[in-house]
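Have the model open as you read, and pick out each pair as it comes up.

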Amino acid sequence: MREAISLSHEKMMAGAGGPFGAIIVLNGKIIGRGWNQVTSANDPTAHAEVVAIRDACQHLSSFNLEGALLYTSCEPCPMCLCATYWARIEKIYYANTRQDAASIGFDDDVFYQELSKPLSHRQIPMEQIDREEALKVFHLWSTKMDKIPY
């Protein structure tokens, strides 16, 4: 955890982004490091946890981080939490809470609220179009013999 907190401090002070750091550990070794790069990379998805997941996956040449542990300086936002599930990370350790983050201007409550609403009541309108065309691609996937499931 100290490495994640250290990254959050070092990279924040260097102007890389917000005060967030994360590391991924597998079998007692750090395999991924990440820090918030939203403003320095002009990428709203470049949160510390996502960057650490990308780094770990590159390190392992795999999209599957089964058995890995995530240490993050703050409780993951909904996007990072979902990325953690997709990566199949075994456990998350966090330092600051989402309430701590909200107290300095990083309030994720709107996302938690939005995700619990029906699609028709969300702030960003969603409209389904061209389903039949898209279903053709799904059918091809379901019968593709050389696919790599994930």
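Is Arg98 buried, partly exposed or exposed? Arg98 is partly exposed, because its relative accessible area is 26%, where buried means under 20%, exposed over 50% and partly exposed in between (1.4 Å probe, protein chains only).

This is a predicted model, in which local features need pLDDT of at least 70 and side-chain atom pairs count only at pLDDT 80 or more, while totals for chains, interfaces and linings use all residues. Residues are numbered from 1 along each chain as its sequence is written, and side-chain values use heavy atoms, with hydrogens and water left out.

**Salt bridges**

- Side chains of opposite charge can pair when their charged atoms come close.
- The structure holds 7 salt bridges, each being a side-chain nitrogen of Lys or Arg within 4 Å of a carboxyl oxygen of Asp or Glu.
- One of them joins Arg98 to Glu75, with 3.3 Å from N to O.
- Helices (H or I, at least four residues) and strands (E, at least two) are DSSP runs, numbered from the N terminus.
- Glu75 is buried, as its relative accessible area is 19%.
- Another salt bridge pairs Asp43 with Arg54, whose closest N and O atoms are 3.8 Å apart.
- That pair links distant parts of the chain, 11 residues apart: Asp43 is in the loop between strand E2 (29–35) and helix H2 (48–60), and Arg54 is in helix H2.
- Arg54 has a relative accessible area of 42% and is partly exposed.
- Lys144 and Asp146 also meet through their side chains in a salt bridge, at 2.4 Å from N to O.
- Lys144 counts as partly exposed at 37% relative accessibility, whereas Asp146 is exposed at 56%.

**Aromatic pairs**

- A pair of aromatic rings is described by the distance of the centres and the angle of the planes.
- The structure holds 4 aromatic pairs; rings of Phe, Tyr and Trp (its six-membered ring) pair if their centres lie within 6.5 Å, and planes under 30 degrees apart count as stacked, over 60 as edge-to-face and the rest as tilted.
- Phe63 and Tyr150 are an edge-to-face pair, with 6.1 Å centre to centre and 70° between the planes.
- This pair links distant parts of the chain, 87 residues apart, with Phe63 in the loop between H2 and E3 and Tyr150 in the segment after helix H6 (131–143).
- Phe63 counts as partly exposed at 46% relative accessibility, and Tyr150 counts as exposed at 61%.
- Tyr71 and Tyr93 are stacked, with 4.8 Å centre to centre and 10° between the planes.
- Phe63, Trp86 and Tyr150 are linked into a cluster by ring pairs.

**Charges over rings**

- Arg98 returns here: its charged end sits over the ring of Tyr112, 3.9 Å from the ring centre. A charge sits over a ring if NZ of Lys or CZ of Arg is within 6 Å of the ring centre and within 35 degrees of the ring normal.
- Lys11 lies over the face of Trp35, 4.3 Å from the ring centre.
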